[in-house]
Amino acid sequence: MALKLEQKQAVVAELGERLANAQAVVLAEYSGLSVADMTSLRATARKSGVYLKVLKNTLVRRAVADTPFAGLAEYMSGPLAYGISPDPVAVAKVLHEFAKTNEKFVIKAGAMRNQVMSAKDVSSLAQLPSREELLGKLLGTMQAPVAQFVRTLNEVPARFVRTLAAVRDQKQKQAA
């Protein structure tokens with residue numbers, strides 16, 4: 001069923017909005033994938049905040065024409081699923097993990113703003129920790145010196161208390 005001009009314009013406009021907020025786009029061939037597998041991929045993508053859609057390549061070419069993702073146009077051929085996300089690691093992880101378990105789902109290319117990536121680059125990006133993990137590690141690194149300083153400050157009164165307890169115990173032994 002062919003889309004009417006208004007529907008095509010709406011798809012391009014919606015895609016333009018998604019691309020304006022996106023940090024990464026990943027293209028993957030899905031030829032021969034079952035409906036159940038595609039549905040499970042869509043559910044996983046939705047949970048991770050990834051916009052996953054099967055779209056006509058001509059409409060996507062129009063949507064990316066004047067964006068930082070314009071370099072992807074040369075990879076847009078054949079049946080493709082498009083993953084778009086404001087978190088570049090999330091889209092790469094979701095699609096890479098799915099591709100590992102489904103041989104009919106092949107990552108073709110990807111792009112971060114003004115940089116086109118090969119399938120191997122997308123795979124490398126998927127190996128990175130997520131933004132939340134990186135922020136947690138950064139917080140732990142920043143917190144470590146402060147925690148050590150507090151432990152050091154706490155050691156002075158603790159040592160004093162242990163010394164007093166030892167003197168008390170010694171006096172109690174002498175008294176007994």
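Ala45 lies in helix α2. Helices here are DSSP runs of H or I with at least four residues, strands are E runs of at least two, and both are numbered from the N terminus. The model is predicted: local features need pLDDT of at least 70, side-chain atom pairs count only at pLDDT 80 or more, and totals for chains, interfaces and linings use all residues. Residues are numbered from 1 along each chain as its sequence is written, and side-chain values use heavy atoms, with hydrogens and water left out.

**Helix α2**

Ala45 is buried, at 1% relative accessibility. Buried means under 20% relative accessible area, exposed means over 50%, and partly exposed is in between (1.4 Å probe, protein chains only). Leaving aside neighbours within four places in sequence, Ala45 is in contact with Val50, Leu52 and Val94. Contact means heavy atoms within 4.5 Å. The C-alpha atom of Ala45 is separated by 39 Å from that of Val146, 101 residues apart along the chain.

Thr39 is also found in helix α2, which covers residues 35-47. Thr39 is partly exposed, with 45% relative accessibility. Between the C-alpha atoms of Thr39 and Arg151 there are 52 Å, and the two residues are 112 apart along the chain.

Ser85 sits in strand β3. Its relative accessible area is 1%, so Ser85 counts as buried. The Ser85 side chain reaches the backbone nitrogen of Asp87 at 3.0 Å. Not counting residues up to four places away in sequence, Ser85 touches Ala22, Gln23, Ala24, Gly49, Val50, Ala90 and Val91.

Asn57 belongs to helix α3. With a relative accessible area of 14%, Asn57 is buried. Beyond neighbours within four places in sequence, Asn57 is in contact with Met76, Ser77, Gly78, Leu80 and Tyr82.

**Asn114**

Which loop holds Asn114? The one between β4 (106-112) and β5 (115-118). Asn114 is exposed, with a relative accessible area of 66%. Asn114 is not a glycine, yet has a positive phi of about 60 degrees. Most residues other than glycine have a negative phi.

The accessibility values are set out below.

| Residue | Relative accessibility | Class |
|---|---|---|
| Ala45 | 1% | buried |
| Thr39 | 45% | partly exposed |
| Ser85 | 1% | buried |
| Asn57 | 14% | buried |
| Asn114 | 66% | exposed |

**The cavity**

How many cavities of 30 Å³ or more are there? The count comes to 1. A cavity is a set of points, on a 1 Å grid over the protein atoms alone, where a 1.4 Å probe fits but cannot get out; lining residues have an atom within 4 Å of a point. Grid points are joined across faces, edges and corners, and a volume is the space filled by probe spheres set on the points.

The largest cavity holds about 40 Å³ of space. Its lining is made of Leu15, Leu19, Val25, Leu27, Val60, Val64, Leu72, Met76, Tyr82 and Ile84. Elements giving two or more residues to this lining are α1 (5-21), β1 (24-29), α3 (57-64) and β3 (80-85). The lining divides into 10 nonpolar, no polar and no charged residues. Ala, Val, Leu, Ile, Met, Phe, Trp, Tyr, Cys and Pro count as nonpolar, Asp, Glu, Lys and Arg as charged, and the others, Gly among them, as polar.

**The aromatic pair**

The whole structure has 1 aromatic pair. Phe98 and Phe105 form it edge-to-face, 5.0 Å centre to centre and with 85 degrees between the planes. Rings of Phe, Tyr and Trp (its six-membered ring) pair if their centres lie within 6.5 Å; planes under 30 degrees apart are stacked, over 60 edge-to-face and the rest tilted. Both Phe98 and Phe105 are buried.

Technical notes:
1 Å grid on protein atoms, 1.4 Å probe; cavity = no way out; pocket = protein on both sides within 12 Å on 5 of 7 lines; lining within 4 Å. Polar contact = N/O pair within 3.5 Å; in protein donor to acceptor, adjacent residues only side chain to side chain.
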